[in-house]
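Reader: Could you take me through one part of this model up close? I'd like to start with a single residue and then see what else stands out.

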Amino acid sequence: MSHYGYVSEQLLTGRLWPPRRRRPKPEPEPPRLDVDRMRSHFDFAGTGRVVTNNAATSQTPRELIELFRELSPRYESVHRGQSTASRRITEEFEESFDTIATWLNAPSRRCIATYRNTTEAINAVMYSLLTEFRDGDNVVTTLMEHNSNFVPWYALSREILPRLGRRVECRVVRFDHETGELDLDHLAELVDDRTKLVCVTGASNFLGTKPPLHRIRRIADESGYRRGDGRSGSLLLVDAAQLAPTSVIDVIALDVDYLAFSFHKVLAPFGVGVLYAREPLLQGSLPFLYGGDMIAEGRVSPDLVEYGDLPWKYAAGTPNVLGVIASAQALRLLVDLALDPDEPWFGTARPLPRTHVESAMTLVSSHVRSLTDAALRRALAIPGVQVYGPGPDVSRSPLVAFTVRGRDSRQVASALDEHRVEARAGCHCATLAHLDLKLNPPASCRLSFAAYTSHEDVDRAFTALERVVGAR
Ligand SMILES: Cc1ncc(COP(=O)(O)O)c(C=O)c1O
């Protein structure tokens, strides 16, 4: 009997009728970040603090503090000696650049320079490009920038280049006051064939907006600006200070020319910032700082100085050796805390697979997104609370910035502190956006989250806010 004949016989005899319902397979649960496991590595978690000022600085896990102690018996400077200690610390320092490169999906350590923080990294770009600006060029930035990505461009165009007899304009793109989105039409209007550089935040530290970097890249590419190398298009710098802590960053996919962030927002101790730049740009530009360690070995004479190979051309002076090692280890630890692998990446120099970085940061980013959605919904439901930036259900920085009608934001933050909720009030260095929104005084209150923030933290923070504003 054919297969069909068998089926029709079964149908006739009723053995297949009514058709047996297959129980729908339960949707596999998307993997979730184990926040309790994550928190167990941080001392603050046992103190009752509701740490919600993470956009300013993140907490440091115990392992990284211990790492300094572990490094102390073999403490040495880098590139400066023949001792085993010196060679070993140099190796660890240099390997740290590989870890950072993998984290960003940069082609190699040659594209990575370390500075003190995002601010210094952006200044490094400004000083490196200083001599390349031509009379009549312009820089385009936005009203939603942190002052770190506006003031250097202001200073370049209003203070530094005029003294050298060059006129360079700094143009500033608007944002939509209702949605917090960057006005891309305005951006396209301001970018023209004299735009050398477009400087934009990857994620705002006040509005929470994440501007669409791919579209901005296209606008920059199509500017018609003639570069010195004969190519056309404007350079693109992304301030990733608020992107790095909780997002997957892929500099190749983003196709950025420069990207800067600070490690003190990514679990590491204070003192290390990163500049990623395309290799030909680093190769062709003048360094920001000059001195020891950045020169080619023995290639200094009164008439000729030759610089070291990348990335060391951009590493003048004794670097923050322990800080850089701890920062790269912070990235490894973050992967461990998110993925709980059988063999930890922390404390090793094993090449960190890019796929692990992506999986870890995807977990972190969906965790903070669910926190932020919950936080926004609570904030929007409180009478008298005005929330800034995009609403829930969009990809945004993990923070909520708000004002309370008739209340001073600093006073609201102090009142929250009485409930052990650590909000931050002020303009968060996003002065332009506060003034543009006509906030007087230019201040808002901000609650910001990190990978280790729990839903209970969000609940405690908003219950406290409801009490402070009298909604409970
Ligand atoms: C978006 C943004 N850019 C730049 C910075 C400056 O970072 P740093 O003070 O580490 O230089 C911050 C710090 O809050 C920031 O949020």
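Reader: Is Gln329 buried or exposed?

Author: Bear in mind that this is a predicted model. Gln329 counts as buried, because its relative accessibility is 11% and the cut-off for buried is under 20%. You'll find Gln329 in helix H11, which covers residues 321-339. Setting aside neighbours within four places in sequence, Gln329 is in contact with Leu64 and Leu67, and also with Trp345, Phe346, Gly347 and Thr348.

Now go to the loop between strand E9 (305-307) and H11, where Pro311 sits. The peptide bond from Leu310 to Pro311 is cis, with omega near 0°. Another cis bond joins Asn440 and Pro441, with omega at about 5°. Pro441 belongs to the loop between helix H14 (431-436) and strand E13 (444-448). For background, most peptide bonds are trans, and most residues other than glycine have a negative phi.

On the phi side, have a look at Asp393: it isn't a glycine, yet its phi is positive, about 70°. Asp393 is in the loop between strand E10 (385-387) and strand E11 (399-404), and it counts as partly exposed because its relative accessible area is 47%. Asp293 also has a positive phi of about 70° without being a glycine, and its place is the loop between helix H10 (279-284) and strand E8 (295-300).

Finally, the ligand: 13 residues surround it, with Thr119, Asp239, Gln242, Ser262 and Lys265 the closest. By class, that shell has nine polar, two nonpolar and two charged residues.

Terms used: Residues are numbered from 1 along each chain as its sequence is written. This is a predicted model: local features need pLDDT of at least 70, side-chain atom pairs count only at pLDDT 80 or more; totals for chains, interfaces and linings use all residues. Side-chain values use heavy atoms; hydrogens and water are left out. Helices (H or I, at least four residues) and strands (E, at least two) are DSSP runs, numbered from the N terminus. Buried means under 20% relative accessible area, exposed over 50%, partly exposed in between (1.4 Å probe, protein chains only). Contact means heavy atoms within 4.5 Å. A residue is near a molecule or strand if one of its heavy atoms lies within 4 Å of it. Ala, Val, Leu, Ile, Met, Phe, Trp, Tyr, Cys and Pro count as nonpolar, Asp, Glu, Lys and Arg as charged, and the others, Gly among them, as polar.
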